[in-house]
Amino acid sequence: MNAPMTRHGSALDHALPRGWLLDRIALYLGRSADTIDPAVPLAEYGMDSVCALSLCGDLEEEFGLFVEPTLLWDYPTVDSLVGYLAAELAGADEEG
Amino acid sequence: MSSFATFTELVLDRTAEFADEDVHIHLAEAPAGSAAPGTLAAEHLTYRELDAAARRIAARLQLHGVEGQPVLLLYPDTMGFLKAFIGCLYAGAIAVPAPLPEGSAHSAKGKLSRTTSMIGDCGAKLVLTDRASAPDIALWLATAGHQDVVCLATDTPGFGDAGAWREPSVRPDDLAFLQYTSGSVANPRGVMVSHRNLLANQAALARLLGTTREDRLGGWLPHFHDMGLIAHLLHPLWLGSASVQMTPSAFIKRPVRWLKAIDDYGVTAGGGPNFCYDLCLRRVTDEQIASLDLSRWRIALNGAEPVRADTLDAFAERFAPAGLKAGTMYPCYGLAEATLVVSGGTSGTPYRRREAGKAALERDTLAEAAAGQESRTLVGSGRVLDFDVRIVDPAVHRELPDGAVGEIWLRGDSVARGYWQRPEESAATFDGTLRDGDGGWLRTGDLGVLDDGELYVTGRLKEVVILNGRNVYPQDVEHAVRAVDPQLASGAGAAFGVEAGREQLVVVQEVRHDGDPRELRALAQRVQAMIGKEFNVPAGTVLLVRPGTVRRTTSGKVQRTLMRELFLAGEVRGAYEVLDPAVRAVARARDTLLGEDLLQPAPAAPGGRPW
């Protein structure tokens, strides 16, 4: 709640690097990160519920962020995920 | 062990003998907002507590007159489920384990929830659940048109009067439960498992695995999965030991939790489909392995989907530093129609494997590959101990000799009594007759070969695709795909599995569309998202084809096997298609060879390829 703005800002930049997210998703989809277009729905690359839940586990573990298992269906591209998660982490920072 | 006529008698005996010992340990995920979110907290259940809970539940069930009637069990985890399952046995009711009907409210149009289809088929008038799930269940019952079904939350304080319970009169051939793991959503089939079947299969498990009271079983498989129920939850009861369980989502989120539980709680036997070992290989870190002691794990069951030698070997090697003993990997074969287990290796000794020529296998013969010919590594599923087994030519029902590939036929006390209220399908599957007139055989629908006493499962007669341990029925996928958009609704579709590194789903769907190919891509994306979400399997390969492409018989039946052959021969091309890279390598091998791929227009974006 009392997190200073500077820390807040740095959390946004460092807490959820887009590269980290891409690497995790690439791992679950069994393809290299540079073949994933951040604007293309991940289902096109064969994303399923195991992949979606796996990422939920990563977010819990890495960032203490608890998200609904439906996250990847509600935010189906890397771009939309990054947008949502950045906002969530910023919110958690303000509350926490 | 054979002194018990029913599983109920056995449980009553065990709960009296081992009263204060643990029968079940459930590792519950602490929710967000709790003191330690994301950690697993152990809840213990003793034999005495299980007995007391089951008596209360049974007494309440007896008020509803459920003897010999199906009761649907909808629980989020094994702790509530186990009490209710034993409660059904104590009441002489037929337990029907099922997944929670979650997501059914948001289901894609046209796709029936599995649980909805199950309650419709079994006709249960009573549902047992817990307080947390009850509101959703009540809503589901109302929307699914089952307002007449009574829903009871068994963890309500004061639920049932144990003192009022009367032991039911149950005979060995009465049904203990219905197992709905086979059959599509559109055509569900509840396998009728009797007390005799269940006791016979428990004995078969013990003989194959060499289990004793010293063994603890468990894992992450759900309780409505046949291996999860029969091996992980009920086998420990039969032995007088304990089971250790976590939910599938707790495992998938962090696979190391499963291995940690094996270490922490001394689990000696347990496993799952091949994919869970792959998941551990990819996601458990070296640092985590360094902190694990897996030396007490002696049987790592691997069944319920095709077993891969490379997975077994990689897992054994990677986890050897954690004390995993050589010979722990345990491929096995089973099916719900045989209660569960059919065959398995000798525990503590390495599983058997052999190389088989691909060309010979296609001619249904097990033989070494000729020089320069391709071969395939077959993983042995072990010995068949408690069944009569025959390998049979499925077309003419002639028994085949060792070394010939045919349908696996079984006979024995573990073979279930048929499909619930489906006499014709039951007769076709459970009463196969050999050409010489010898009858009463279970036709498994699986193809295999016996070689020196070892069973090798080589494929399936049925068109079911097995992905991540799930049976995916082509007709369910095809039906749901047509429901995605009106442009797909009138076209035929074919869904089938192909072998490309692992089993992969291919969807070929006719589309009525003359416009912008970019619109086709958006359509394909919706199909992929629907399959990923509703069927929980990856849909990396979707071909939208011109009307008339999907072959059908004169009676209109989709020819999936033919479509699969045409696809693999590179002869099915989409107006728009997206192919998983591994599938592309198989189905478009000739393009690469001839350089034809260079002549095609560049893909619009990675993953998609319109032409």
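Val341(B) sits in strand β14 of chain B, residues 341–344; helices, H or I of at least four residues, and strands, E of at least two, are DSSP runs numbered from the N terminus. This is a predicted model, in which local features need pLDDT of at least 70, side-chain atom pairs count only at pLDDT 80 or more, and totals for chains, interfaces and linings use all residues. Residues are numbered from 1 along each chain as its sequence is written, while chains are lettered from A and ligands numbered from 1 in the order in which they are written.

Is Val341(B) buried or exposed? Val341(B) counts as buried because it has 31 C-beta neighbours inside 10 Å. The cut-offs are 20 or more other C-beta atoms within 10 Å for buried, 12 or fewer for exposed, and partly exposed in between, with C-beta atoms placed from the backbone. Beyond four places in sequence, Val341(B) has contacts that include Asn201(B), Ala204(B), Leu205(B) and Leu208(B); contact means C-beta atoms, placed from the backbone, within 7 Å. Asp226(B) is 115 residues from Val341(B) in sequence, with 9.3 Å between their C-alpha atoms.

Next, helix α3 of chain B, residues 78–91. Its 14 residues should span 20 Å at 1.5 Å a residue, and the end C-alpha atoms are 19 Å apart, which agrees. The expected span is 1.5 Å times one less than the number of residues. Of the 14 residues in α3(B), 14 are buried. Gly92(B) follows α3(B), with a positive phi near 70°.

Now the domains. Chain B divides into domain 1 (7–253), domain 2 (268–462) and domain 3 (466–610), with bounds from an automatic or database domain assignment. The C-alpha centres of domain 2 and domain 3 of chain B are 29 Å apart. Their contact takes 6 residues from domain 2 and 4 residues from domain 3.

Between the chains, 25 residues of chain A are in contact with 26 residues of chain B. Helix α3 of chain A, residues 49–63, gives the largest share of chain A's side, 8 residues.

Last, confidence. Chain B averages a pLDDT of 90, and 94% of the residues score at least 70; pLDDT is the predictor's confidence in each residue, from 0 to 100. Where pLDDT is low, predicted coordinates should not be read in detail. For the complex, the predictor gives an ipTM of 0.81 and a pTM of 0.86.

Key. Contact = placed C-beta atoms within 7 Å.
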